[in-house]
Amino acid sequence: MVATVIICIAIVVAGFFAGRQAIRTFSGDGSCCGKKSAKKARRVRVTDTDEANYPYTTDVPVGGMTCEKCVAAVENALNSIDGVWARVNLAEKNAHVLSKQPLDMERVKDVLRDAGYYVMQR
């Protein structure tokens with residue numbers, strides 16, 4: 001009898017915490033995507049998608065990504081830099097960044113940090 005009560009209490013407590021995390025995740029507040037204090041990036045559409053117009057390419061290893069929402073957040077953050085078109089690969093934890101000017105890595109680090117992610121060292 002006591003064991004059954006303890007198991008029921010454990011299930012209720014686990015359900016409470018799982019439900020709380022689910023609400024945070026699906027509401028966009030404190031989800032897996034970036035840090036809780038991260039700026040939510042607006043969707044950025046790159047209008048110039050002709051690779052010939054981007055003479056500089058850089059592969060940036062990005063840490064902190066766990067899902068497709070993270071991929072969209074990182075792409076939006078990087079695409080917010082003028083003259084940049086980024087494509088992110090979640091499996092490789094990598095952003096392939098095309099740019100019209102040489103890429104300022106400090107700016108990239110700042111933009112990613114503001115979005116709740118970071119540049120990994122290889």
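Lys-93 is partly exposed because its relative accessible area is 30%; buried means under 20%, exposed over 50%, and partly exposed in between (1.4 Å probe, protein chains only). Before going further, note that this is a predicted model, in which local features need pLDDT of at least 70, side-chain atom pairs count only at pLDDT 80 or more, and totals for chains, interfaces and linings use all residues. Residues are numbered from 1 along each chain as its sequence is written, and side-chain values use heavy atoms, with hydrogens and water left out.

**The overall picture**

The protein has three helices and four strands; helices (H or I, at least four residues) and strands (E, at least two) are DSSP runs, numbered from the N terminus. Their order along the sequence is α-β-α-β-β-α-β. Of the 122 residues, 30% are buried. The accessible surface comes to about 8,100 Å², and carbon and sulfur atoms hold 57% of that. Such areas come from the Shrake-Rupley method with a 1.4 Å probe, and for residues only the protein chains shown count as cover. Among contacts with a separation of 6 or more, 69% join residues 24 or more positions apart, where contact means heavy atoms within 4.5 Å.

**A hairpin and its turn**

Lys-93 sits in the loop between β2 (84–89) and β3 (94–99). These two strands form a hairpin with four residues between them. They pair in the antiparallel sense over six bridges; two strands pair if DSSP finds at least two bridges between them.

**A nonpolar patch**

Met-1, Val-5, Ile-9, Val-13, Phe-16 and Phe-17 form a nonpolar patch on the surface, with about 650 Å² of accessible area together. Patch residues have over 30% relative accessible area and no salt bridge; like charges are joined within 9 Å, and nonpolar side chains (Val, Leu, Ile, Met, Phe, Trp, Tyr) within 5 Å. A salt bridge is a side-chain nitrogen of Lys or Arg within 4 Å of a carboxyl oxygen of Asp or Glu. Val-5 belongs to helix α1 (residues 2–27).

| Residue | Relative accessible area | Class |
|---|---|---|
| Val-5 | 41% | partly exposed |
| Lys-93 | 30% | partly exposed |
| Asn-94 | 10% | buried |
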